[in-house]
Amino acid sequence: MSANISDPSLLRGMTQRRFGRRDALRLSGLAGLGAALAACGVQGKGTPGASAAPDAVEKFWAGKAKTNKIDFANWPLYMDPKHPELKKFTAETGIEVNYQEVIQEMGPWFAKVQPQLAAGQSIGYDLMVITNSFQFSQFRDSGFLAPLDHSKLPNYTKNADPAYAKEAFDPGNVYSVPWASGMTGIAYDPDKVGRKLTKLADLWDPAFKGKVGMFSDTQELGNFGLLALGIDPAKSTSDDWQKAADHLKEQKKAGIVRKYYDQSYVDALGKGEVWITQAWSGDIFQKNLSENRNFEFFVPEEGGTIWTDNMTIPITAKAPVDAITLIDFFYRTDVAATLAEYINYVAPVPSAKEQIIKDAAKLSGADKTAMEAIANSKLVFPSAAEYAKLHYYVSFEAASEQQAFQKTFEPIVLG
Amino acid sequence: MSQTTLERPAPAAEPAHAARPKRRLGGGTLLFIYTWLVILWLIVPIFVMIAFSFNDTKGRYNQEWQGFTFKWYGKIFEIEDLTKALWTSLIIAVISSLLSGALGTGIGYALGRYRFRGSGTLNLIMFATISSPELIMGASLLSLFVSLALGLGAVTITIAHVMFSISFVATIVRARVVTLDRSIEEAAADLGASAWTTFWKVTFPIILPAVFSGVLLAFALSIDDFVVTNFTAGSVTTFPLWIWGSTRVGLPPQVNVMGTLIFAVGVLIAVITNIRSRSGKRG
Amino acid sequence: MDRVKRQLAPYFLVLPGGLWLLLFFAIPMIAMLSLSLQQGDIVNGYQFTFHWQNYTDAIDSYHTQLIRSLIYGAVATIFLIVLAFPVAYWIAFYGGKRKSTYLFLLLLPFFVSFVLRTISWRQILTDDGPVLKPLKEIGLLSDSYHILGTPAAVIGGLVYNFLPFMVLPIYVALERIDPRVVEAARDLYANPATAFRKVILPLALPGVFAGVLMSFVPVSSDYVNSEVLGSSSTTMIGQVIQAQYLVNSDYPTASALSFILMAVLLVGIFAYARALGTEDVMKVAAR
């Protein structure tokens, strides 16, 4: 059964509307198609590994040709604004890349493209970077992601950290390969805060009333609520969620939280709207670098989370061949190294570290120190001690569970 | 509510002056200052927007004043996706204003000219589209589109914009048609012109200014619309949507430049049409 | 034959536009109603099950935001009247030849994108911005003082963005008043205050009503101002609906909330429309 579930063409067949007169009259939309999947009672459980892939892969990739133009949807602060890697790619392959920083949070992104993908339309992008949140499962289980043809990914096969192929959200990297991993921790403005912060509990400190930022993504928010109570998100139960939600509600009721942010938290920190905020590891480094600021980022003592952003090809992509070529390009050691040097997120290519050290050796003075700092940065290449503090996201066994989680934390964000 | 409206005094009589002798200077001055304070308050953010289009900011972000420059006007089209969003907005605005101009003129003319069954319902629907919250219109359209699995994009945005513009155009055109002197049309008919010829040669030129201002209003509504567009756009980005998206990471000065230019063009058009309509009235 | 043509003419003229309004205004409401009674999730689809619980759940979870929106709407509307009436009055009675120029100045913000002018306020009022920073530096305000994120900022933004919706209808009503009537009233009552109360105010009231109608609805369903200028404690119902549609893809909850909001607002609109007559409101709306 798991084989059926993960067969994208089957899923796509089921999720696509067969448009008939009766449907038009009923206008109840989307209905009906659920029955088949609901009968299985499973949502993307099981292993979408090799069993389903070969046929699906063949079907998807048959007859797909190079078009020399890619539209690439990514998050802000995820590449040097001058796009050196893409320029190199275009020079080598002749494929033009239209790079757009249009993704700022998973929920809105899924909601934005879902109607188009469900209608079998192109979303205007051939490649998109999505997080291993529950929207990842939603994309996958709706049959919106193209199965990747691993024979077109030689660099990935050679250079990728094997640990990633074991990640629960996409075992065997059937639909996705990592772009970068990162940590969710806390960032603060030391000038405003006036002391060194190390704890998650600092987000609940009434001294920072109206100056604390939290994430609006229910998973990011819920995770921190759980961690603050000493609960491991990955092992949490629905009772734990309620406790965490109550804890977060207290924080909100006390007027401590200024706002629940998406990617805009960086801007809010820069403008002094918040002094202390939930944050993604590499963003702060880049903000400091590009605007000459001295914000601090740390993984709290109580723990932080680790996540992976993944390159995926939407099923309706117009240029999948070009897209998979670009995906593999990012797995070249030299490319992975320059990318990590800039974005300061965890590179999925371990050999990039040596490359960065080598690059550093060629430099001198301040540049050299900066580069060495990156190679030894716990943000880019976390140590075992760092990893020990990091937790995975809450994992959901069924759609109903995920919905329950969302319903628990949503009213906090939308309050 | 009963019609308490009195006959309008003839405009030539300068009614305001007639009232003047009784005016109390103190109250008038106070109100004068009050009005100007309100106007100032309204203009402050526009001034800020224009000022920051000349800000010599170093990076991409435009937050603090760093000196005067014209350079962003030279680099106005440097951000490719912003330019593309502006074009998308312009194309949608042109198509939707022309379409709603045509459809709205039909309704407005019929409502002003004929008595027919169903005109009451039509009036009610038009009133509803003008007064319902944009949020609800956007939400219901999205509900329809997802229910039919039609997908979203430039086409659905245009459909939505035509929908909310029709009633405005129709209302403006109807107001003009109602005041139309029927004897001119009758004269044309007496001279042997067919109904069709009469309409195009006689009636249409008279209502054309109303159609034109309807189309202009539809264009303005379309190009500025954020709420309904946000619901019907899918992954397509219009100018207001691009601004909305990039506020989260900081607005580049190009947005201020474009905002300033749109403002300038809009004001210019308004002033020109105003002067023309005035001189038209005198002539 | 010709008579038949004449009789059918209005229908031909109305047909395309009317059909458009039917297809994309009336039918979507039905689609939304259907969606509001469905159950399921975005991946497996939603099914029509007469799930009225969506409504009770929506009210349970989000009545705070609904009530808050109505309160903000009411407060903003009051501020709008207070700001707009004197301005409209002055232009109508003292504007002289420059009336249209003053009206044009009041409309200037409309030549800047709604989103952009709201963001502009954020830039002005931001915590370390041009207004607050100097005051903080000289110690007049505490370091953590902020305007953004407070209800005042949100209501201020709403009043700013919808002022012309109030000024114009009031102006139209006042402008219709024959100054000779005012003069006569002053002669009769001698006291200008009484003349104002007994003559001008009643004549201006339809304009105020129309202004309230035209601003209260968009103000209380707005989500841009609260999103840009507000905080987690100023969330309005529009933001919730927006997020349920465009963040969580929870269409049933979103649709149910939309209907609840619409029901609340419709009751108000129709009460006003009855009092005023639809035609009248539309005339004002078309200005």
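This is a predicted model: local features need pLDDT of at least 70, side-chain atom pairs count only at pLDDT 80 or more; totals for chains, interfaces and linings use all residues.

Biologist: What pattern does chain B follow along the sequence?

Modeller: Reading along, you get α-α-α-α-α-α-α-α-α-α-α-α. That is twelve helices and zero strands. Chain A, on the other hand, has 20 helices and ten strands.

Biologist: How much of each chain counts as buried?

Modeller: The idea is to count neighbours: a residue is buried if 20 or more other C-beta atoms lie within 10 Å of its own. In chain B, 43% of the 283 residues pass that cut-off. For chain A, buried residues make up 55% of 415.

Biologist: And what share of the contacts links residues 24 or more positions apart?

Modeller: Take the contacts with a separation of 6 or more and ask how many join residues 24 or more positions apart: in chain B that is 81%. In chain A the share is 80%.

Biologist: How many residues does each chain bring to the contact between B and A?

Modeller: A general point to begin with: interface size is often quoted as the accessible area lost when the parts come together. Here I'll give you residues instead: 19 from chain B and 29 from chain A. On the chain B side, helix α6 (residues 134-147) gives the most, with three residues. By class, that side of chain B has seven nonpolar, nine polar and three charged residues.

Biologist: Now a single helix. Where do the buried residues of α12(A) sit around its axis?

Modeller: Start from the geometry: an α-helix has 3.6 residues a turn, so residues three or four places apart point the same way. Helix α12 of chain A (residues 238-253) has 16 residues and reaches 22 Å from its first C-alpha to its last, close to the 22 Å expected at 1.5 Å a residue. Its buried residues are A:W241, A:A244, A:A245, A:L248 and A:Q251. Looking down the axis of α12(A), you find these buried residues within an arc of 115°, so they line one face of the helix.

Biologist: What is on the face turned away, and what covers the buried residues?

Modeller: The face of α12(A) turned away from the buried side carries the exposed residues A:D239, A:E250 and A:K253. The cover over its buried residues includes α11 (218-228), β6 (257-261) and α20 (399-413) of chain A. After α12(A) comes A:G255, with a positive phi near 75°.

Biologist: How many residues of helix α8 of chain A are buried?

Modeller: Eight of the eight (residues 134-141), so α8(A) is largely enclosed by the rest of the structure. Among them are A:Q135, A:R140 and A:D141. Just after α8(A), A:G143 has a positive phi of about 75°.

Biologist: Last one: which parts of chain C are annotated "transmembrane region"?

Modeller: The unreviewed UniProt entry puts that label on residues 12-35, 70-91, 103-125, 145-174, 195-217 and 254-273 of chain C. Residues 70-91 of chain C are 100% helix and 0% strand, with end C-alpha atoms 30 Å apart. Residues 103-125 of chain C are 74% helix and 0% strand, and their end C-alpha atoms lie 27 Å apart.

Technical notes
Residues are numbered from 1 along each chain as its sequence is written. Chains are lettered from A and ligands numbered from 1 in the order in which they are written. Helices (H or I, at least four residues) and strands (E, at least two) are DSSP runs, numbered from the N terminus. A residue is buried if 20 or more other C-beta atoms lie within 10 Å of its own, exposed if 12 or fewer, and partly exposed in between; C-beta atoms are placed from the backbone. Two residues are in contact if their C-beta atoms, placed from the backbone, lie within 7 Å. Ala, Val, Leu, Ile, Met, Phe, Trp, Tyr, Cys and Pro count as nonpolar, Asp, Glu, Lys and Arg as charged, and the others, Gly among them, as polar. UniProt positions are given in the numbering used here, feature names are shortened, and annotations may be inferred rather than shown by experiment. The expected span of a helix is 1.5 Å times one less than its number of residues. The arc is that of the directions from the helix axis to the C-beta atoms.
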